[in-house]
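Here are some notes for a colleague who is about to work with this model. They are set out as numbered points.

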Amino acid sequence: MKKTKKIGLWLFLAVAALVLFNWALDNGGLLADLLRTVLGVFAPFLIGLVIAFILNVPMRAIERLLSRIPGARPGGLLRGTSFLVTLLLFAAGGTLVFRIVLPELGGTITTLGQQIPAFFVRLQQEAKQLEDWIPNLRDYIAELQLDWKEIVERAMGFLQNGATSLLGSTMNIATSVFSGVFNTFMGFIFAVYILFGKEKLKVQARRVLYAWLPVERADRVVYVADLTEQTFSRFLTGQCLEAVILGLMFFVSMSLLKFPYAMLVAVLVAVTALIPMFGAFIGCFVGAFLILVVNPMQALWFVLLFLLLQQIEGNLIYPRVVGSSIGLPAMWVMVAVTVGGSTMGILGMLLMVPATSVVYALARENTERRLLRRAVPADRYAEQQKQ
């Protein structure tokens with residue numbers, strides 16, 4: 001009788017899931033609007049969770065370090081001190097970056113303003129040489145029969161329409177900025193509550209799990225949650241360390257080789273390197289463009305330098321600093337970055353790598369458990385050595 005009721009419950013849940021899935025397919029727009037509304041309401045709390053997780057990684061290490069001081073007692077004072085030290089470190093790092101980047105960026109813009117006219121003059125000279133090299137180039141252009149008057153009229157119309165839409169876009173941007181600042185402020189306040197009461201929140205969450213789930217299921221949920229937290233923390237630490245190392249490598253090598261904008265490009269590469277695998281190429285593109293305006297030949301050498309340092313980073317630094325910390329093979333890192341980037345952009349790249357690492361670890365454990373349970377000999381699935 002009990003088994004029949006259980007089967008009936010599963011059938012009811014399956015039918016209900018199919019009905020909900022069919023309704024979601026028929027009302028995709030309404031479901032998307034509802035999801036955006038829910039996310040908008042809970043945005044400060046989601047932002048707070050992200051801030052708390054990021055701050056907790058260095059804060060936990062600082063708290064452990066301070067607890068080793070003779071006479072230090074665990075409690076609010078130690079937690080508050082570690083929190084203030086963490087905020088000071090973030091503030092100092094941000095101030096250092098801005099004090100380096102903003103003056104360098106201002107000088108770069110000024111230099112570019114001075115170099116671009118000469119750059120276009122060189123382009124005109126190159127075009128003139130190309131025209132001399134190909135005598136029929138002007139005839140080919142004339143045969144296109146371009147209506148320059150119509151092109152100018154369309155361009156003016158585009159600019160007028162763009163000016164009208166720009167005003168509306170400015171209002172939308174201002175509203176979005178205000179909403180973002182408010183959500184971030186509220187999220188930070190929420191993060192403070194989480195960081196100062198994380199042990200209590202952890203106990204409360206476990207009480208709820210063990211009260212409503214079977215003990216085996218609750219144990220499994222706690223294990224997966226701990227594994228996820230450890231994997232994301234190691235990934236965040238390793239990714240930041242790898243970005244700092246790569247930025248220092250670029251700064252030292254560019255300074256020794258007398259490349260322009262060494263500090264700006266190094267900081268840009270370090271920041272974009274936080275995006276797994278492909279982020280540094282953004283810094284390479286911007287750096288190559290900046291150097292191209294000053295010296296095209298140096299831009300070519302910069303690209304070669306980037307490829308060399310990228311090989312060192314990809315083969316020596318990343319596997320040992322980041323790859324070993326999350327236990328994910330390079331092939332699956334590339335798959336995770338590609339899928340995450342195509343679905344959620346840069347945020348997807350950052351989240352998909354540690355998430356894939358968690359799934360990979362759980363799948364590996366389940367596979368090993370099933371192989372042991374079925375007593376499959378290792379020679380059946382192990383790599384066969386060629387004779």
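**Notes on the model**

1. Not counting residues up to four places away in sequence, R79 touches M59, E63, L195, F196, K198 and E199. This comes from a predicted model, and the contacts should be read with that in mind. R79 is found in helix α3, which spans residues 76-133, and R79 counts as buried because its relative accessible area is 9%, where buried means under 20%.

2. Two of the contacts of R79 are also salt bridges, and they deserve a careful look. E63 and R79 form a salt bridge in which the closest N and O atoms are 2.9 Å apart. Since E63 lies in helix α2 and R79 in helix α3, the pair ties together parts that are 16 residues apart in sequence. Both partners, E63 and R79, are buried.

3. R79 also forms a salt bridge with E199, and here the closest N and O atoms are 2.7 Å apart. This pair links distant parts of the chain, with R79 in helix α3 and E199 in helix α6 (residues 198-212), 120 residues apart. On the E199 side the relative accessibility is 41%, so E199 counts as partly exposed. Through shared partners, the salt bridges join E63, R79 and E199 into one network.

4. A further salt bridge is the one in which the side chains of E229 and R60 meet, at 2.9 Å from N to O. E229 lies in helix α7 (residues 215-256) and R60 in helix α2, so this pair ties together parts that are 169 residues apart in sequence. E229 is partly exposed, with a relative accessible area of 27%, and R60 also counts as partly exposed, at 23% relative accessibility. The count of salt bridges comes to four.

5. Helix α2, which covers residues 28-67, also holds I54. Leaving aside neighbours within four places in sequence, I54 is in contact with F90 and L236, while the C-alpha atoms of I54 and S233, although 179 residues apart along the chain, are separated by 8.1 Å. I54 is partly exposed, with a relative accessible area of 34%. Another pairing across the sequence is that of G180 and A43, which are 137 residues apart in sequence and 9.3 Å apart in space, C-alpha to C-alpha; G180 is found in helix α5 (residues 148-196) and is partly exposed, at 29% relative accessible area.

6. A positive one is formed by R220, R369, R370, R373 and R374, and its largest share, four residues, comes from helix α11 (residues 330-374). R369 is found in helix α11 and, at 37% relative accessibility, counts as partly exposed.

7. Turning to the whole chain, the protein has twelve helices and zero strands. Of its 387 residues, 24% count as buried, and the accessible surface comes to about 27300 Å², of which 72% belongs to carbon and sulfur atoms. Among the contacts with a separation of 6 or more, 71% are accounted for by residues 24 or more positions apart.

Terms used. Residues are numbered from 1 along each chain as its sequence is written. This is a predicted model: local features need pLDDT of at least 70, side-chain atom pairs count only at pLDDT 80 or more; totals for chains, interfaces and linings use all residues. Side-chain values use heavy atoms; hydrogens and water are left out. Patches are made of residues with over 30% relative accessible area and no salt bridge: like charges are joined within 9 Å, nonpolar side chains (Val, Leu, Ile, Met, Phe, Trp, Tyr) within 5 Å. Accessible areas come from the Shrake-Rupley method with a 1.4 Å probe; for residues, only the protein chains shown count as cover. Lys and Arg count as positive and Asp and Glu as negative; His and the chain ends are not counted. The place of a charge is taken as NZ of Lys, CZ of Arg, CG of Asp or CD of Glu. Helices (H or I, at least four residues) and strands (E, at least two) are DSSP runs, numbered from the N terminus. Buried means under 20% relative accessible area, exposed over 50%, partly exposed in between (1.4 Å probe, protein chains only). Contact means heavy atoms within 4.5 Å.
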